[in-house]
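Here is a short tour of one protein, written to be read with the structure open beside it. Please have a look at the model first, and then come back for the details.

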Amino acid sequence: MKKAIISTLGLALLLSTSTAVASAQEAAPALQKENIQLYGNGTDREPNNWFDEASEILAGVDIYGEIGKHINGGYAGYYDTSDYYKFKAFQSGWYQFNIQGEIYPNTWLRLGLADSNGHFIRYAEDRQYSLGKNLEAGKWYYLVVETPGAEQGQLFSYKITSSIK
């Protein structure tokens, strides 16, 4: 009799734990991947890991990206640790960029803004996920996503939203 009760209780505990885990997995939807909208071919591309490889974007359009993947090339390949996006300020005003994505105890997604010569004019503060700056109409800028202190194998999916005021 005791064995039957213990096995019944064990089965009930197992089922309730499985249900709780399944509910928790359903509660956190995955970040939807979408192509970045570019001037040219309409898809995000790698490499975009430096100023001369930057993907052109339209300010005000959501950007979806990923950092941390292993990229084949050269002798042994390399890990993608940053993304560069180039855009033209079509109007003067305050440009606000916000980023959402994975956070690890040792690293995070950091936004930077550089002028057309590749000189950084502003970085977001550590672990701050927004960056704003007054920009001049007609000038080109770079929006940069970095992962300071990232370790090999840490993957980051992100979404950047922006607004112009």
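Of the 165 residues of this protein, 33% count as buried. Do keep in mind that the model is predicted. Its accessible surface comes to about 10000 Å², with 54% of that belonging to carbon and sulfur atoms.

How far can the coordinates be trusted? The mean pLDDT is 77, and 72% of the residues reach 70 or more. Over residues 2-43, however, pLDDT stays under 50, and the model has 30 contacts beyond four places in sequence for this stretch. Where pLDDT is low, predicted coordinates should not be read in detail.

Now to the fold. The secondary structure amounts to one helix and eleven strands, and the order from the N terminus is α-β-β-β-β-β-β-β-β-β-β-β. Among contacts between residues at least 6 apart in sequence, 68% join residues at least 24 apart.

What lies inside? The largest nonpolar core has 22 residues, and those with the most contacts within it are Phe87, Phe97, Leu111, Leu143, Val145, Tyr158 and Ile160. Two or more residues each come from strand 2 (63-67), strand 5 (82-88), strand 6 (93-101), strand 7 (110-115), strand 9 (130-135), strand 10 (140-146) and strand 11 (156-164). Apart from this core lies another one, of six residues, including Phe51, Ala54, Tyr84 and Tyr142. In soluble globular proteins, nonpolar side chains tend to be buried together.

Leaving aside residues up to four places away in sequence, Phe87 touches Ile57, Ala59, Tyr95, Phe97, Leu113, Leu135, Lys139, Trp140, Tyr141, Tyr142 and Leu143.

Strand 7 deserves a visit too. Is strand 7 mostly covered or mostly open? Five of its six residues are buried, so by the cut-off of under 20% relative accessible area the strand is mostly covered.

| Partner of strand 7 | Sense | Bridges |
|---|---|---|
| Strand 10 | antiparallel | six bridges |
| Strand 8 (residues 120-123) | antiparallel | three bridges |

Conventions. Residues are numbered from 1 along each chain as its sequence is written. This is a predicted model: local features need pLDDT of at least 70, side-chain atom pairs count only at pLDDT 80 or more; totals for chains, interfaces and linings use all residues. Side-chain values use heavy atoms; hydrogens and water are left out. A nonpolar core is a set of buried Ala, Val, Leu, Ile, Met, Phe, Trp, Tyr and Cys residues joined through side-chain atoms within 4.5 Å. Buried means under 20% relative accessible area, exposed over 50%, partly exposed in between (1.4 Å probe, protein chains only). Helices (H or I, at least four residues) and strands (E, at least two) are DSSP runs, numbered from the N terminus. Contact means heavy atoms within 4.5 Å. Two strands pair if DSSP finds at least two bridges between them. Accessible areas come from the Shrake-Rupley method with a 1.4 Å probe; for residues, only the protein chains shown count as cover. pLDDT is the predictor's confidence in each residue, from 0 to 100.
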